[in-house]
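Please read it with the structure open.

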Amino acid sequence: LHNSQVSLNLNNSKQSILSDGLSRRLALSCLVDADYSDTARYVKFNCQTRWKDRLNKLDEYVRKEYGKNEKSKRNELRNEIYFACRNRDTNHLIYYCDSPVGTGKTTSIMAHLLQAAIRKDLRHIIVVLPYTSIITQSVRVYREALVLDNEDPEFIVAEHDHQADFSSIEARELATTWNAPIIVTTAVQFFETLGTNEPARLRKLHELPGTGIFIDESHAAIPTWLWPQAWIWLQKLTKEWGCH
């Protein structure tokens with residue numbers, strides 16, 4: 001019936017071949033998100049990325065924090081690590097940072113991702129953390145260090161975990177659909193979204209292409225035997241879908 005009504009050749013030779021599961025899930029994500037959002041009445045909240053302004057704000061935040069702390073070898077090293085990450089080139093697709101706990105990775109890696117976002121015109125930055133207790137602390141820092149004047153912190157830095165509280169339906173929508181400029185979420189949410197076939201979880205997957213991703217404490221993010229598959233997904237996201 002469809003063939004008889006439209007002037008399109010719908011034979012098999014004309015159909016697009018999606019070669020892998022991740023590509024199929026990304027395509028399905030576009031479909032189910034449109035379906036779940038009730039596109040006839042849906043109004044999307046677009047928050048400006050303003051990556052350059054956020055990097056300047058982060059620089060100012062780090063300078064103030066450095067000035068407040070006592071002069072010590074530890075604080076000197078934290079400052080060095082920040083500028084090493086901030087000024088690192090972004091030519092490669094995947095980077096590894098082995099800086100230990102207490103050296104300021106929260107701000108340092110964010111500075112690197114903001115540089116990548118500026119140079120590669122990224123759509124979002126996603127921070128993946130292993131535990132919800134760390135998420136609340138990191139979100140507090142990011143909202144203080146990255147949110148600009150006259151912006152709603154919840155709309156700019158979205159906290160996405162089962163314990164998150166939202167002041168409005170709009171803020172919840174931005175967090176759960178990964179539409180905010182910066183999203184802080186759990187490793188469970190991130191990796192289950194990459195691999196799921198459930199529409200409710202899958203609907204936000206299409207926001208991943210063109211995104212900067214920071215997987216903190218990667219050794220604790222998922223069981224070690226799942227990393228070979230997760231690594232394949234991360235490589236595909238960077239090589240084929242514009243992620244950093």
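The points below cover pockets, salt bridges and a surface patch.

1. Basis. This is a predicted model, in which local features need pLDDT of at least 70 and side-chain atom pairs count only at pLDDT 80 or more, while totals for chains, interfaces and linings use all residues. Residues are numbered from 1 along each chain as its sequence is written, and side-chain values use heavy atoms, with hydrogens and water left out.

2. Largest pocket. A pocket here is an open set of points on a 1 Å grid over the protein atoms alone, where a 1.4 Å probe fits, with protein on both sides within 12 Å along at least five of seven lines; lining residues have an atom within 4 Å of a point. The largest pocket holds about 840 Å³ of space. Its lining has 29 residues, and Tyr-95, Tyr-96, Cys-97, Phe-214 and Ile-215 lie nearest its centre. Two or more lining residues come from each of helix H4 (73-86), helix H5 (105-120), strand E4 (211-215), helix H11 (218-221) and H12. The lining divides into 18 nonpolar, 6 polar and 5 charged residues.

3. Second largest pocket. About 690 Å³ of space lies here. Of the 28 lining residues, Arg-78, Gly-104, Lys-105, Thr-106 and Thr-107 lie nearest the centre. Helix H3 (51-68), H4, H5 and helix H6 (132-146) each give at least two residues to this lining, which divides into 11 nonpolar, 11 polar and 6 charged.

4. With a salt bridge taken as a side-chain nitrogen of Lys or Arg within 4 Å of a carboxyl oxygen of Asp or Glu, the count is 12. One of them joins Arg-203 to Asp-33, with the closest N and O atoms 2.9 Å apart. Arg-203 is in the loop between helix H10 (199-202) and E4, and Asp-33 is in helix H2 (residues 21-36), 170 residues apart. Both Arg-203 and Asp-33 are buried (under 20% relative accessible area; exposed is over 50%, partly exposed in between; 1.4 Å probe, protein chains only).

5. Other salt bridges. Glu-60 and Lys-64 meet at 3.3 Å, N to O; they are 4 residues apart in helix H3, and so about one helical turn separates them. Lys-64 is exposed at 52%, whereas Glu-60 is partly exposed at 36%.

6. Surface patch. Leu-93, Ile-94 and Trp-231 form a nonpolar patch with about 250 Å² of accessible area together (residues with over 30% relative accessible area and no salt bridge, nonpolar side chains joined within 5 Å). Trp-231 lies in helix H12 (residues 227-240) and is partly exposed, at 40% relative accessibility.

Conventions
Patch = residues over 30% accessible without salt bridge, like charges linked within 9 Å, V, L, I, M, F, W, Y side chains within 5 Å. Areas by Shrake-Rupley, 256 points an atom, 1.4 Å probe, with all protein chains shown as cover. Points joined across faces, edges and corners; volume = space filled by probe spheres on them. Nonpolar A, V, L, I, M, F, W, Y, C, P; charged D, E, K, R; others polar.
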